[in-house]
Amino acid sequence: MIALSGFSQLQDPETYFNYKKGEKFTPHHRLVDYVYHAADNSSLIQVMQYGMTNEDRPLLVAFISTEKNLNQLEDIRQNNLRIAGMSDGTSMAKNTALVWLSFSVHGNEAAGSESAPHVLYDLINPDNAESKKWLENTVIILDPSVNPDGYSRYTNWQRRMAGKHVISDFDDIEHHEPWPGGRTNHYLFDLNRDWAWQTQVESQQRMKVYTQWLPHVHADLHEMGHNNSYYFAPAARPYHEYITDWQADFQNTIGRNHARYFDAEGWLYFTKEVYDLFYPSYGDTYPIFSGAIGMTYEQGGSGRGGRAVKTRNGEELTLKDRIDHHMTTALSTVEVSSKNADRLVDEFRKFYNLGAIGKYKSYVIKKANNDAAAEALCDLLTKQGIKYGTVNTNRSSNGYSYQTGKNRFFNIENGDIIVSVNQAKSVLAQVLLDPESSLEDSLTYDITAWSLPYAYGLDAYALSSDIPHDASIEFGNQKKSSVRLTESYAYAIPASGLSSYSLTGKIIQAGITARTNEELVTFAGREYAPGTIFITRADNRSMGDELLQNLNEIIMTESVNVIPIESGFADKGKDLGSRGMRLVTVQKVLTIMGEGVSSNAFGQVRHFFDQVINHPITIIEKDRLGRIDLDKYTTLILPDGYYRLSSSEKVKIASWVSGGGKVIAIGGATKTFVDEDSFGLTSDVDGEKSKEEEVNKQADLAARYNHYSDRERKSISNYVPGAIVKLKMDPTHPLAFGLGDEYFSLRTSSTRYPHQTDVANVGIIESDPMIIGFMGSTIKDKLQNTMVFGVEEKGRGQIIYMVDNPLFRGFWYNGMKLFCNALFLVN
Ligand SMILES: [Zn+2]
């Protein structure tokens with residue numbers, strides 16, 4: 001080969017990988033190699049590693065544009081932030097379209113990442129004159145693998161199973177990925193549900209770059225079941241009401257451009273169905289609420305596609321087909337964006353000047369005694385680029401109360417947090433903070449309520465006027481404690497946020513004995529709410545001077561206030577030496593995974609222990625539960641799922657609980673205990689069951705004359721896609737400590753039990769409860785007067801029933817507090 005220029009070594013992916021497009025799945029590290037190879041051999045691409053995954057795989061973006069644009073990449077970025085009003089100064093005249101392409105956020109939807117090197121090559125291929133034209137006014141930010149751990153889990157398995165012959169017969173192992181599949185990341189979180197909450201390292205690191213760039217177009221390349229064709233924009237209804245006309249219209253422009261290519265090739269596709277734009281934490285909606293045209297593209301195939309699969313029409317769908325389709329939409333996205341660059345930038349600018357588009361102009365979040373939760377919320381706002389401030393005066397105001405669902409007068413007090421919609425990120429702020437988002441149609445397939453004050457358990461008000469405030473403060477990024485404790489009679493850790501629990505966990509694991517109060521106590525004029533952790537010198541005599549040393553080492557790791565107490569004599573309530581000050585014991589925690597256990601739910605448990613409270617947890621395959629010596633553990637967590645335990649497993653658990661063990665059963669796992677002789681949970685208190693059967697019968701009778709075309713709607717009357725329900729709590733029960741009389745619970749299932757007689761009803765739904773978001777009309781009735789959180793005392797142990805999963809997607813801060821209570825305080 002004759003070298004024509006310094007970059008003549010650039011190879012296309014087939015040459016580089018030494019196999020044909022779609023012939024094999026490509027290991028992640030080879031994808032990475034190719035991106036660097038391209039950057040080393042082309043002046044049209046720069047690579048940036050923006051992070052690492054839990055399993056230590058690199059996260060990359062490639063910036064692709066003309067050499068000239070790449071030389072002033074930082075100017076282009078700064079300019080775009082100025083256009084958005086996110087940074088000061090006037091913007092340059094020239095408009096550059098910013099197009100972000102995300103491949104395979106769901107790892108086993110691997111055709112996305114498989115297409116990435118081909119898309120990249122087509123954009124920089126010296127022989128492709130057309131793509132060169134696009135690059136003149138466009139910067140492409142290409143993330144070849146948004147979820148490398150999931151992608152690797154799938155492709156490594158695929159490569160192990162793949163034989164010499166490609167077997168398109170669906171029976172073959174190549175099409176049956178084992179539990180938990182490669183869709184999710186290391187912690188089995190769905191990264192396409194995590195954009196707004198940023199609970200996962202992949203999202204945290206990616207969103208930093210995303211927020212610094214704020215692209216004008218974002219395409220998220222997925223796959224769906226293999227019997228489907230191809231889905232692209234425009235999206236299905238419902239749309240969130242804050243999606244602008246321009247954002248909806250331009251989806252059409254893009255879709256028409258894709259259709260041109262698909263029509264020419266004779267490929268099938270569909271638009272305007274299934275994939276709606278409501279839940280704000282997806283790779284289409286989140287970019288939309290950040291000013292972009294956000295889109296999901298879905299190729300038929302996914303984890304079951306293999307290298308080729310027979311589809312229902314008798315044809316064969318190959319990996320190469322899937323790659324070709326994704327390449328086409330990805331390149332068409334760049335083309336149409338380049339051709340409309342001026343319009344895209346203009347509309348992006350307008351979007352960032354929208355201000356109030358909903359009912360409210362500001363939100364007041366009461367900090368009250370909930371500092372840790374308020375700071376955690378502020379932390380999340382900061383990550384989104386949403387500004388907030390505070391006031392240092394007291395005044396009265398009127399607003400919509402999140403707690404009561406009604407307008408009322410209230411006091412704005414010194415230290416309260418104010419978020420005004422008069423800011424660049426106004427739309428995102430409104431989407432995340434509005435008490436309720438309006439749904440133009442109920443047929444959505446994800447949760448329909450997420451308002452942050454509910455998630456963080458904070459009292460808040462939405463106001464139709466703006467509140468003058470000081471925007472210069474910043475909470476969040478809490479500093480670790482630098483205070484050194486000195487010799488004292490005892491120390492108190494008030495139960496505040498999650499870090500106080502994390503600290504508690506570390507203290508008891510270090511062998512330090514701690515106690516907790518079940519009622520309010522006062523020492524030296526200071527009140528300690530139930531659930532405060534007390535460490536006395538007397539309880540830790542054998543530790544001697546090491547107690548102080550150990551405590552000081554541990555508190556340095558968390559940003560928690562530890563208060564010295566000089567006398568055990570309580571001004572009010574029980575003294576420190578009282579029997580009523582219960583011991584907090586070391587938790588040896590066991591949980592199960594595997595077939596039947598919801599992989600997301602198991603992952604949430606694991607993530608919570610690893611990353612939120614930094615506490616060890618032993619994990620076993622569900623099938624081994626019968627053979628495990630439970631006496632080695634204090635606590636068994638049964639994650640949400642579709643499994644039932646065998647009768648011998650139940651007998652074993654019942655006797656272990658009687659001897660002092662604790663079960664935390666979440667969601668579907670509660671069903672294994674209901675109406676069983678050894679357990680108190682029942683589905684039928686006082687004829688509730690027959691009442692419900694009667695309701696069902698009446699509903700069936702009424703539905704006899706429904707039109708066939710209404711069948712989809714009828715099926716949702718029992719449907720709970722995800723809504724917030726207000727619960728009444730028993731604030732005197734340790735499970736509810738620190739949560740108050742009311743708790744807003746995220747409900748995602750129709751599982752329900754009446755108010756119980758042999759189980760303490762700690763959190764219940766009353767008649768006619770406050771519900772935020774969509775819930776089917778039939779199920780709404782059935783959920784009245786049911787129990788959501790209950791504790792059964794059995795012998796010396798407990799079974800904690802959690803019908804709603806407080807760890808759902810890892811973003812319900814108040815739920816995690818409740819879970820901590822179950823872990824540390826209920827015993
Ligand atoms: Zn997907």
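**A zinc site and its aromatic surroundings**

Where pLDDT is low, the predicted coordinates should not be read in detail. The chain as a whole averages 93, and 96% of the residues score at least 70.

This is a predicted model: local features need pLDDT of at least 70, side-chain atom pairs count only at pLDDT 80 or more, and totals for chains, interfaces and linings use all residues. Residues are numbered from 1 along each chain as its sequence is written, and side-chain values use heavy atoms, with hydrogens and water left out.

The zinc ion is coordinated by His-106 (ND1), Glu-109 (OE), Glu-109 (OE) and His-222 (ND1), at 2.0 to 2.5 Å. Donors here are N, O and S atoms within 2.8 Å of the metal (3.2 Å for Na, K and Ca); water is not among the atoms, so sites may look incomplete. The donor residues follow the spacing H-x2-E-x112-H. Glu-109, in the loop between strand E3 (97-103) and helix H5 (111-124), and His-222, in strand E5 (residues 217-225), are 113 residues apart and link distant parts of the chain. Helices (H or I, at least four residues) and strands (E, at least two) are DSSP runs, numbered from the N terminus.

Elsewhere, the charged end of Arg-237 sits over the ring of Tyr-239, 3.8 Å from its centre. This label requires NZ of Lys or CZ of Arg within 6 Å of the ring centre and within 35 degrees of the ring normal. Lys-794 lies over the face of Phe-679, at 5.6 Å from the ring centre.

Note on methods: pLDDT = per-residue confidence, 0-100.
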